[in-house]
Amino acid sequence: MSVRILALVGSLRAGSHNRQLAEAAVKLAPAGAEVALYEGLAEIPFYNEDIDVEGGVPAAAAALREAAAGADALLLFTPEYNGTMPAVLKNAIDWLSRPYGAGALTGKPVVVIGTAFGQYGGVWAHDDARKSVGIAGGKVIEDIKLSIAGSVTRFAETHPADDSEVAEQLTEVLARLHGHASEPTAA
């Protein structure tokens, strides 16, 4: 049985280095795992309890919930916007947190990684995303981290999949997340 890891990218830009990192994860998935890159975060309306009602959930939000519910684990890729995570990623977490206590994130292993231009590789954004996911019910794997600094320079002419150091680090992240996702859940 294959472990399904859902990848959410917090940048909507076509040439996003975080998207490229997620594409690398798809290629580097270990045996027995599949990394599925989620498309469609841009179409999801901002979370609003007034539209999160049975029979009225927007189709884009329902599709995200369905994809997350079908995953064994989630891998979030986030840049750092003004010292925190982008609104599109926070919005996805908000939709996945509901219904409260039984959202699609509840109890699932989640790892947050990414790259950013700054010298710390987006660690503030990654920390904020981990905090939000934990509050939303996800099982944040705190000891799996990857924050790649200097993305604009580092990936100017090299795709992350072709950077041997990044590929090695990402492969380790995926192997460890696969291990957590393969663990039997407590009943």
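**Reading the features**

Author: Keep in mind that this is a predicted model. Let's start with two helices: helix 2 (residues 59-69) packs against helix 3 at an angle of about 75°, and their axes are 10 Å apart.

Reader: Is helix 2 roughly parallel or roughly perpendicular to helix 3?

Author: Angles from 65 to 115 degrees count as roughly perpendicular, so helix 2 is roughly perpendicular to helix 3. On the helix 2 side, Ala61, Leu64, Arg65 and Ala68 make the contact, and helix 3 brings in Ala92, Trp95 and Leu96. Sorted by type, the contact residues are six nonpolar, no polar and one charged.

Reader: What should I look for in the backbone?

Author: You'll find Pro99 in the loop between helix 3 (87-96) and strand 4 (109-115). Then there's Asn82, which isn't a glycine but has a positive phi of about 50°. Asn82 sits in the loop between strand 3 (73-77) and helix 3.

Reader: Is Asn82 buried or exposed?

Author: Exposed means over 50% relative accessible area, and Asn82 has 84%, so it is exposed. Val140, in strand 5 (residues 139-140), counts as buried at 18% relative accessibility.

Reader: Which residues is Val140 in contact with, leaving aside its neighbours within four places in sequence?

Author: Those are Val110, Arg130, Val133 and Gly134. Val110 is 30 residues from Val140 along the chain, yet their C-alpha atoms are separated by 4.8 Å.

How values were computed:
Residues numbered from 1 in each chain as written. Predicted model: local features only at pLDDT ≥ 70, side-chain atom pairs only at ≥ 80, totals over all residues. Heavy atoms only, no water. Helix = DSSP H or I, 4+ residues; strand = E, 2+ residues; numbered from the N terminus. Buried < 20%, exposed > 50% of the residue type's maximum accessible area, 1.4 Å probe, protein only. Contact = heavy atoms within 4.5 Å. Axes fitted to C-alpha atoms, helices over the stretch in contact; angles between N-to-C directions. Parallel < 35°, antiparallel > 145°, perpendicular 65-115°, else oblique. Nonpolar A, V, L, I, M, F, W, Y, C, P; charged D, E, K, R; others polar.
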